[in-house]
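Hi,

Here is the structure I said I'd pass on.

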Amino acid sequence: MMHYRCAIQEVETKLNVLNNEYSLVYNRNPIESIKTRIKKPLSIINKLKKKGFPLTIESIEQNLSDIAGVRVVCSFQDDIYKLAEILAKQDDITVLEVKDYIQNPKPNGYRSLHLIIEIPIFLSHKKKPMRVEIQFRTIAMDFWASLEHTLKYKKQVDNPEDIAEMLSSCAETINDVDVKMLEIRNMINKLEI
Ligand code: 0O2
């Protein structure tokens, strides 16, 4: 787990560097907040069992890509793609997988851009590549995902279909707001030039 924590620190530092540079050059911060987490042992065991993988350290390293997680909450949708592109170009990062749930939202309305990357950590006697899952979202998408995640655990409801439909409709509304906020920012930027 220490190795995963180090990998998270590497990614977080890279993101903070980019945010600081943007702040200096463009006078704004594309990143609102960064949250990190290491997957809990019970969740690791459950996921391995669910997927039919052996419960060993080697199996965790080989089969699970989201032990180390970094969630990047951005102000605008275009910041998400810009940051992901910049990170992907860094020569110590290898992008293993991209899941674009913004262009292709999940049926329940979930939107985020997920990157599975590999990044090296430098230990006393070796360099070790580590996998990290980075989730990029806007503030609005994060608001929806956090609430939806909380509500998922309250399973005893009489009308799950109605709730699912309302959540999906909220996700659409939230996306419309994201698009409009980006439009407004672009209109203001044009005036400033
Ligand atoms: P937690 O508690 O965040 O760790 P895979 O990892 O590819 O085997 P999956 O589920 O296909 O499995 O991966 P995917 O779709 O990339 O989702 C990984 C993570 O994205 C989830 O982690 C959630 O954090 C988030 N996520 C995906 N779908 C939803 C959704 O519908 N609602 C919300 N709120 N979050 C979602 P975990 O392991 O499920 O949970």
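Starting with the ligand: one of its oxygen atoms is 2.8 Å from an N or O atom in the side chain of Arg 37. Lys 99 does something along those lines, with a side-chain N or O atom 2.7 Å from a ligand oxygen, and Gln 135 has a polar side-chain atom 3.0 Å from an oxygen of the ligand. (A polar contact here is a pair of N or O atoms within 3.5 Å; within protein, one must be able to donate a hydrogen and the other to accept it, and residues adjacent in sequence count only if both atoms are side-chain atoms.) On its own the ligand has 750 Å² of accessible area, and the protein covers 71% of that (Shrake-Rupley, 1.4 Å probe; for residues, only the protein chains shown count as cover).

Before you go further: this is a predicted model, where local features need pLDDT of at least 70 and side-chain atom pairs count only at pLDDT 80 or more, while totals for chains, interfaces and linings use all residues. Numbering starts from 1 along each chain as its sequence is written, and side-chain values use heavy atoms, with hydrogens and water left out.

Now the shell. There are 18 residues around the ligand, and Lys 47, Lys 51, Lys 99, Tyr 101 and Asn 108 come nearest (near means a heavy atom within 4 Å). Helix 5 gives the largest share, four residues. By type, the shell splits into three nonpolar, four polar and 11 charged (nonpolar is Ala, Val, Leu, Ile, Met, Phe, Trp, Tyr, Cys and Pro; charged is Asp, Glu, Lys and Arg; the others, Gly among them, are polar).

And where does the ligand sit? The space it takes is the largest pocket (sitting there means more than half of its atoms lie within 2 Å of the pocket's grid points). That pocket holds about 1500 Å³ of space. Of its 39 lining residues, Arg 37, Lys 39, Lys 47, Asp 66 and His 149 are the closest to its centre. Helix 2 gives the most to this lining, with six residues, and the lining as a whole has 11 nonpolar, 11 polar and 17 charged residues.

For the grid details: on a 1 Å grid over the protein atoms alone, a pocket is an open set with protein on both sides within 12 Å along at least five of seven lines, a cavity is a set of points where a 1.4 Å probe fits but cannot get out, and lining residues have an atom within 4 Å of a point. Points are joined across faces, edges and corners, and a volume is the space filled by probe spheres set on them.

Gly 109, Tyr 110, Arg 111, Met 141, Trp 144, Ala 171 and Ile 174 line it.

Overall, the protein has six helices and five strands (DSSP runs numbered from the N terminus: helices are H or I, at least four residues; strands are E, at least two). The C-alpha atoms fill a box of roughly 55 × 50 × 20 Å along the principal axes.

Cheers
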